[in-house]
Amino acid sequence: MALTAEERDLDGETQGGETKRLCGSPDKGQQGLDQGCGEMAPTSACSSPARSLGDTGITPLSPSHTVNDADANVSEQQTFLVVVAVDFGTTSSGYAYSFTKEPECIHVMRRWEGGDPGVSNQKTPTTILLTPERKFHSFGYAARDFYHDLDPSEAKQWLYLEKFKMKLHTTGDLTMDTDLTAANGKKIKALEIFAYALQYFKEQALKELSDQTGSEFENSDVRWVITVPAIWKQPAKQFMRQAAYQAGLASPENSEQLFIALEPEAASIYCRKLRLHQMIELSSKATVNGYSSSDTVGAGFAQAKEHVRRNRQSRTFLVENVIGEIWSELEEGDKYVVVDSGGGTVDVTVHQIRLPEGHLKELYKATGGPYGSLGVDYEFEKLLCKIFGEDFIEQFKIKRPAAWVDLMIAFESRKRAAAPDRTNPLNITLPFSFIDYYKKFRGHSVEHALRKSNVDFVKWSSQGMLRMSPDAMNALFKPTIDSIIEHLRDLFQKPEVSTVKFLFLVGGFAEAPLLQQAVQAAFGDKCRIIIPQDVGLTILKGAVLFGLDPAVIKVRRSPLTYGVGVLNRYVEGKHPPEKLLVKDGTRWCTDVFDKFISADQSVALGELVKRSYTPAKPSQLVIVINIYSSELDSVSFITDPGVKKCGTLRLDLTGASGTAVPTRREIQTLMQFGDTEIKATAIDVATSKSVKVGIDFLNY
């Protein structure tokens with residue numbers, strides 16, 4: 001087929017001499033679109049999305065990426081009076097805030113009602129209680145205590161949920177309709193629960209702000225920041241944003257009011273402010289505060305805990321507007337690791353310093369897994385099943401849900417007392433209803449079960465307690481800690497991570513001396529290991545700092561590959577025969593994945609990737625651009641395994657009558673990367689009509 005000069009010119013301009021057209025999916029019967037798909041190659045299967053579609057043919061005008069300077073594109077920033085950060089944790093949650101006029105003061109929320117012996121209550125348990133009518137009743141200690149006081153027969157009607165955040169990490173096909181299961185076995189929409197919880201924090205924070213300032217505080221005065229694990233997949237991050245919209249923190253029209261911050265990034269931002277007196281160093285490379293490394297784990301942390309306890313009454317933390325001493329030792333290009341070990345997940349990020357401002361660049365994509373402190377609880381549950389029988393434990397959880405919660409609270413405070421050098425046993429109180437229900441269920445006593453069970457490191461004490469030897473408690477930690485150490489060992493093998501200077505250990509689980517000792521033993525000779533003193537609040541404070549100055553994070557790694565579906569000129573021998581489509585005498589290869597950005601590619605915050613296309617037919621009245629994503633870097637076709645559709649841009653080309661439309665009409669397509677949200681835009685240059693879409697991982 002002979003090419004016109006114009007076509008030859010276009011062909012030479014495209015990559016590898018190929019012309020590309022987008023495959024899209026217009027509505028049937030759209031005026032001006034040819035509904036026929038041309039002749040099929042006889043071998044073709046009809047699985048291809050492009051086969052059954054109308055022709056939305058678009059040809060590239062300039063296939064090269066034009067990347068705009070990220071800073072030049074920053075939109076006018078809205079101004080807020082205060083930044084409120086919510087650390088929505090698996091086991092405990094809290095909020096902190098800072099007035100934009102006093103960014104050096106971070107206020108942690110006021111004390112919570114209730115609380116447990118041996119557990120600090122600057123955060124509240126992530127527990128929620130709904131009435132039998134499924135209306136919100138209470139959150140945190142209040143929910144737990146009220147539920148505990150209900151009569152067992154009444155408690156079965158109420159919906160009590162805890163540790164539900166993990167569902168977002170473990171659900172492979174998360175949607176807006178994903179369910180959670182309450183303690184009584186009843187199902188409820190996850191979106192509802194997350195929205196209730198965020199609404200609770202919103203009301204608490206606004207009330208505290210109003211009380212503190214002496215005037216009514218409006219939600220529009222607040223910039224919200226919600227923290228999520230960096231290893232969460234995109235649907236889970238989007239789910240959190242949707243829940244926040246439902247809770248009224250922000251709206252899709254005013255999405256800038258809400259930032260989704262990545263937990264280890266927030267920790268990293270706070271760690272750069274640390275002064276020497278605000279941290280403990282565990283590594284064997286240095287002596288800190290007169291302690292050698294062998295003393296540091298125990299004594300250094302005991303000293304720090306005492307310091308935190310004394311400061312507990314004060315909820316305002318001063319963050320000096322300086323770079324901390326540790327940080328000032330870092331030079332351009334230095335690398336450090338943040339290990340955020342929480343209740344549900346362990347999240348590991350590798351950052352690099354960029355001077356002069358000390359901006360942070362993500363060097364290696366976030367890694368980690370479900371190795372949080374919940375793993376220790378699961379091991380305890382397995383131990384109980386071994387002693388008392390799995391059938392009994394399952395029945396007890398259903399029939400006496402409040403007593404089961406009590407038992408796990410008792411275990412939690414003992415879990416926190418576990419230490420490498422502990423010699424005396426740990427006693428865990430069994431609720432009376434456990435002892436009573438076991439006797440009814442089995443016909444013999446708890447004591448009898450322990451004697452029979454062959455678990456020799458757990459004994460029965462006459463005060464009605466399980467008595468665990470320190471070795472037994474340490475054994476419950478071992479699988480989880482081993483997973484963390486193994487994960488970090490693998491990470492340190494990577495060339496990008498080999499020359500790390502510091503390892504910051506943060507998150508609630510970082511308070512566990514057993515974890516500290518294991519990390520020090522494995523990596524103390526490779527890098528310096530630092531723990532902030534108020535380690536459980538590190539992420540919360542860092543999230544406030546991020547809300548005050550989001551530009552501190554400059555470069556992230558894209559977790560996914562993004563592209564659009566296009567038609568390429570069919571090349572014999574290069575393209576598979578089943579992708580051949582003959583249209584008006586032209587041979588096309590369908591379903592080609594045209595890449596915008598690759599998984600693990602460095603992306604500057606706010607970076608724009610821009611391409612220009614033109615409709616293949618001047619008569620076309622609509623164009624449709626489908627956006628796809630994949631976790632893999634090498635993707636050839638939109639039909640490859642793991643490729644998911646995550647957005648559609650539909651642009652109406654009518655309305656240009658009266659204005660001279662150029663024959664090669666330019667349609668610009670822009671994708672903006674870098675934030676936890678990704679936005680795509682298509683603009684018809686002739687009419688200035690544009691259409692925007694947020695990449696959507698939940699509704700396709």
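At 3% relative accessibility, F477 counts as buried, because the cut-off for buried is under 20%. F509 is buried too, at 5% relative accessibility. These values come from a predicted model.

F477 and F509 form an aromatic pair. The two rings are stacked, with 6.2 Å centre to centre and 20° between the planes. F477 belongs to helix α15 (residues 470–493), while F509 lies in the loop between β23 (500–506) and α16 (513–523). The pair therefore ties together parts that are 32 residues apart in sequence.

## Other aromatic contacts

Across the whole structure, a search finds 30 aromatic pairs. One of them joins Y95 and F201. This pair is edge-to-face, at 6.3 Å centre to centre and 80° between the planes. Y95 sits in strand β5 (residues 92–99) and F201 in helix α5 (residues 190–213), so the contact links parts that are 106 residues apart in sequence. Y95 is buried at 2% relative accessibility. F201 is buried as well, at 0%.

Aromatic residues also gather in a cluster. Its members are F388, F392, F396, F434, Y437, Y438 and F441.

## Charges over rings

The charged end of K579 sits over the ring of F637, 5.3 Å from the ring's centre. R611 lies over the face of F596, 4.4 Å from the ring centre.

## An enclosed helix

Helix α17 covers residues 538–548. Of its 11 residues, 10 are buried, so the helix is largely enclosed by the rest of the structure. The buried residues include T538, K541, F546 and G547.

Key. Residues numbered from 1 in each chain as written. Predicted model: local features only at pLDDT ≥ 70, side-chain atom pairs only at ≥ 80, totals over all residues. Heavy atoms only, no water. Buried < 20%, exposed > 50% of the residue type's maximum accessible area, 1.4 Å probe, protein only. Helix = DSSP H or I, 4+ residues; strand = E, 2+ residues; numbered from the N terminus. Phe/Tyr/Trp six-rings, centres within 6.5 Å; stacked < 30°, edge-to-face > 60°. Lys NZ or Arg CZ within 6 Å of the ring centre and 35° of its normal.
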